[in-house]
Amino acid sequence: MADLTGKDLICTQEWSVKELLKVLELAEDMKKKRFDKKYTRMLLNKTFFMFFYNPSVRTRQSFECAATELGGHAQFLEPKSMRLKTAKSAGETVEDAAKVMSRYAAGLGIRILEDKVSHYGEGDDLLREYAKWSDIPIISMAHDKFHPCQGLADVMGLRKHLGKNLKGRKLLQVWGHGALARSWCSVQESLLICSRFGMDVTVAYPEGYDLDPAVIAQVKENCNDNKAKFEITHDVRAGYKGADVVYSRNWMTPHAYDKGELDKQGEIDRALKFTDWICDAAKMRLTNNALFTHPMPIDRGHEVTDDVASGPRSIIYDVAENRLHVQKAIMALTMEKL
Amino acid sequence: MADLTGKDLICTQEWSVKELLKVLELAEDMKKKRFDKKYTRMLLNKTFFMFFYNPSVRTRQSFECAATELGGHAQFLEPKSMRLKTAKSAGETVEDAAKVMSRYAAGLGIRILEDKVSHYGEGDDLLREYAKWSDIPIISMAHDKFHPCQGLADVMGLRKHLGKNLKGRKLLQVWGHGALARSWCSVQESLLICSRFGMDVTVAYPEGYDLDPAVIAQVKENCNDNKAKFEITHDVRAGYKGADVVYSRNWMTPHAYDKGELDKQGEIDRALKFTDWICDAAKMRLTNNALFTHPMPIDRGHEVTDDVASGPRSIIYDVAENRLHVQKAIMALTMEKL
Amino acid sequence: MADLTGKDLICTQEWSVKELLKVLELAEDMKKKRFDKKYTRMLLNKTFFMFFYNPSVRTRQSFECAATELGGHAQFLEPKSMRLKTAKSAGETVEDAAKVMSRYAAGLGIRILEDKVSHYGEGDDLLREYAKWSDIPIISMAHDKFHPCQGLADVMGLRKHLGKNLKGRKLLQVWGHGALARSWCSVQESLLICSRFGMDVTVAYPEGYDLDPAVIAQVKENCNDNKAKFEITHDVRAGYKGADVVYSRNWMTPHAYDKGELDKQGEIDRALKFTDWICDAAKMRLTNNALFTHPMPIDRGHEVTDDVASGPRSIIYDVAENRLHVQKAIMALTMEKL
């Protein structure tokens with residue numbers, strides 16, 4: 001088996017399918033044998049640093065739980081209190097911070113989202129700067145481009161509810177309107193990883209909501225490699241036909257940073273107008289009895305109706321739980337040897 | 001014995017005396033054998049979430065210590081950073097938050113006090129909303145109505161210093177003036193639990209400082225059930241006569257929220273006028289050599305004089321320590337099985 | 001061997017050389033056998049409280065790691081949320097806070113730096129007030145006067161790179177210009193502990209940057225006791241000659257608090273003018289192939305040039321790592337018995 005010790009996880013696309021399967025299979029076993037002794041000592045007395053440029057619900061909880069369940073400890077750190085060098089003030093370089101942290105900890109997670117960057121990609125650059133200088137694995141805990149742990153949790157949920165062979169299954173990745181201006185990370189990661197696992201992919205969104213062209217090109221290539229279908233539609237209903245999975249989620253326009261920083265209110269005002277873009281029971285009836293999924297937190301009443309989100313085909317809580325298991329597996333595989 | 005696994009603790013009144021005794025007896029043994037192996041593995045690799053709507057001294061320290069001493073870990077979470085839904089902004093529902101947390105953790109503690117609610121009882125409602133949707137026990141870490149862990153710590157202290165049979169012992173619960181507008185939770189919990197354990201109860205306060213009438217009615221009923229005495233007095237000295245325990249503490253008026261939010265300064269200005277309402281040595285001489293207790297932090301010089309608070313009959317540090325032991329017992333009994 | 005259980009560590013000067021050696025030797029062994037079972041259970045299920053009046057990079061990370069590696073847990077506490085009594089508001093006294101914490105935890109670390117005090121020495125007074133009332137050891141995690149853990153980490157680094165006998169080796173403690181107004185603590189601790197271990201000491205700084213006269217007098221006495229040399233120079237190059245160790249770091253003037261609070265901007269404006277006061281390759285060539293050290297975070301380009309800080313004689317990352325090991329040793333020796 002591939003040795004993953006020391007490997008960074010910034011996007012699942014950078015890991016082989018074999019490596020991703022190794023994570024998924026370990027996570028599935030860890031779910032079954034959650035507190036088995038073979039898993040509760042893997043990070044014993046070891047530290048995982050968590051850098052939260054952005055606050056978080058699920059990510060903080062699940063990563064800190066993950067470290068505890070592996071016998072270690074996750075430190076909650078907010079870089080705003082770290083006297084790091086910025087364009088405006090003296091402080092420590094990433095080189096120095098990363099080199100010292102490599103002496104203390106077994107791994108470093110970083111979360112930096114849309115409103116803490118001045119342009120798309122700045123968060124991704126920061127993670128790669130840390131990865132350059134660190135001797136320990138850097139794990140994305142969601143950043144402006146990607147969210148690999150969410151992507152793995154999604155696929156773990158699909159494998160449970162659809163079976164382990166996802167080839168030929170259709171994913172509808174559909175934009176939802178709403179009162180939040182949301183990052184592209186979860187959506188792009190979903191498209192990338194689901195296409196790696198052979199799913200047919202439809203992306204549906206109103207005109208003007210294009211995602212990163214480089215990511216879309218990669219998703220197409222993934223689909224081609226698997227002889228799977230890929231399509232984009234701007235019809236709010238068309239994509240539902242034949243879907244096995246509906247993943248409804250708001251995301252920002254490519255113009256969100258045109259003013260030099262995130263225009264959050266402008267994005268929200270614009271998104272709220274597309275009131276037809278909600279996943280509801282009528283649209284779900286067009287599908288192949290599709291599962292509903294979402295990375296949570298959900299903006300209920302905007303992205304999806306309550307009856308779908310809380311309905312019998314919703315797998316949102318399972319997927320949320322999977323965050324714990326895949327993160328335990330990632331930490332165990334990449335950080336076991338200090 | 002009653003199995004307490006999975007049980008919420010929002011007010012001690014909702015638990016039977018037998019169940020409360022089970023907690024107290026376990027806490028007393030845990031104090032004696034603090035780091036004995038039988039107690040240091042009860043929460044091994046498990047997580048306890050702590051939601052602090054309000055900051056805290058004792059509560060944070062003692063709950064986090066408790067989890068550590070049981071082999072687990074308490075996560076310090078501030079809901080302000082959790083993107084929860086409010087009247088004013090989109091966000092996650094309590095249903096979703098609670099259901100996901102039930103997948104990660106063994107229990108959830110919530111602290112929400114007077115200044116984080118717009119009316120008395122709103123905090124209690126929130127805890128019950130979490131209890132409704134959670135599969136894991138919800139523990140009050142102090143809220144606007146009750147403070148069950150403090151009540152249990154109080155009684156554990158009284159059992160140590162007065163003996164295990166509290167019947168016939170007299171508790172004076174007396175209002176103290178001061179520069180803080182304090183919640184009713186500790187005081188109401190003390191009245192409820194002490195009357196359950198058979199104590200005679202006197203509540204003394206200036207006119208205009210009535211507590212929750214429903215709580216007072218319950219305290220009277222508890223006293224009746226135990227054929228114990230109950231009285232209310234507005235005389236600053238009368239209640240001291242024959243008291244075995246004096247518990248002096250500031251609390252707010254029932255009009256604190258008349259303006260639609262807590263009128264903290266108005267409450268402080270009003271309270272500061274009652275300069276005679278301080279527990280001092282002269283008043284303590286009227287008692288039956290009473291113990292002095294307080295849930296801390298103390299507003300010394302207002303609620304009580306230094307010589308009483310630091311005197312030989314003060315049990316404040318013992319009671320504060322008991323928070324640790326009763327919380328360990330509660331966690332072990334309600335959360336042992338994940 | 002001296003039993004260090006329960007001993008406070010506010011300045012290394014207050015510990016005997018024999019006691020400091022005990023720490024260093026244990027730290028050196030802990031570095032070699034980092035996760036050996038004999039070291040991973042020393043703080044098992046015990047709590048170390050960390051009070052951060054000031055935020056921190058290295059100190060938070062290294063203390064929390066240290067507790068984790070010893071099997072215990074360090075609680076991150078910010079006194080601003082602790083309702084402590086101040087000159088301006090009602091709250092808990094240090095006496096009460098310290099006495100209760102002594103019931104919960106095995107030790108208490110406190111960090112309070114230049115910008116959280118209104119005059120030099122106020123932070124030191126606070127630590128001694130906590131020490132007065134606590135039954136558990138108080139450890140300075142850097143305060144306005146001293147930084148004992150840094151001093152021990154420095155000496156551990158020098159022992160590794162220069163050999164265990166430091167007598168006759170020359171330390172140049174040199175002021176660096178820069179865009180930060182930095183506390184005297186690391187510099188004064190370095191002078192005190194290096195002179196205890198027999199080093200010759202030169203302190204170099206522009207006129208007007210005198211350190212605490214009482215500390216300088218003590219350093220002279222230490223040097224006299226060891227028949228070592230001590231000198232002060234205001235020549236930016238003179239001190240480099242023959243130096244075995246160059247420690248370049250910015251510090252404030254003695255007038256920093258003349259306005260009743262820290263005049264940070266005034267200090268920065270003044271310091272930035274001394275552009276010649278930077279440790280660079282040309283000056284390092286004057287030395288005896290000296291090591292370069294610094295407590296980090298470094299203000300690169302002001303205190304030192306990149307080529308020196310990242311050069312082959314720089315021991316900055318080793319010294320930073322040593323913080324972990326010396327702090328583990330200190331915690332184990334002072335807090336082992338609860």
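This is a predicted model: local features need pLDDT of at least 70, side-chain atom pairs count only at pLDDT 80 or more; totals for chains, interfaces and linings use all residues.

Colleague: Happy to. How many residues of chain A are in contact with chain C?

Modeller: For a contact between chains, we count the residues on each side. Here 20 residues of chain A meet 24 residues of chain C.

Colleague: Which elements of chain A supply at least two residues to that side?

Modeller: There are β1 (47-52), β2 (73-77) and α3 (94-104) of chain A. The most comes from α3(A), which gives seven residues.

Colleague: And what is the make-up of that side by class?

Modeller: The side of chain A that touches chain C has eight nonpolar, seven polar and five charged residues.

Colleague: Now for the inside of chain A. Where do its domains run?

Modeller: Domain 1 of chain A is written in two pieces, 12-146 + 320-335, while domain 2 covers 150-316. Their C-alpha centres are 25 Å apart. In the contact between them, domain 1 of chain A takes part with 26 residues and domain 2 of chain A with 27 residues.

Colleague: Which elements give two or more residues to the domain 1 side?

Modeller: On that side you will find α1 (17-32), β4 (138-143) and α11 (316-335) of chain A. The largest share, six residues, belongs to α1(A).

Colleague: What classes of residue does the domain 1 side have?

Modeller: Where domain 1 of chain A touches domain 2 of chain A, its side has twelve nonpolar, seven polar and seven charged residues.

Definitions and conventions: Residues are numbered from 1 along each chain as its sequence is written. Chains are lettered from A and ligands numbered from 1 in the order in which they are written. Two residues are in contact if their C-beta atoms, placed from the backbone, lie within 7 Å. Helices (H or I, at least four residues) and strands (E, at least two) are DSSP runs, numbered from the N terminus. Ala, Val, Leu, Ile, Met, Phe, Trp, Tyr, Cys and Pro count as nonpolar, Asp, Glu, Lys and Arg as charged, and the others, Gly among them, as polar. Domain bounds come from an automatic or database domain assignment.
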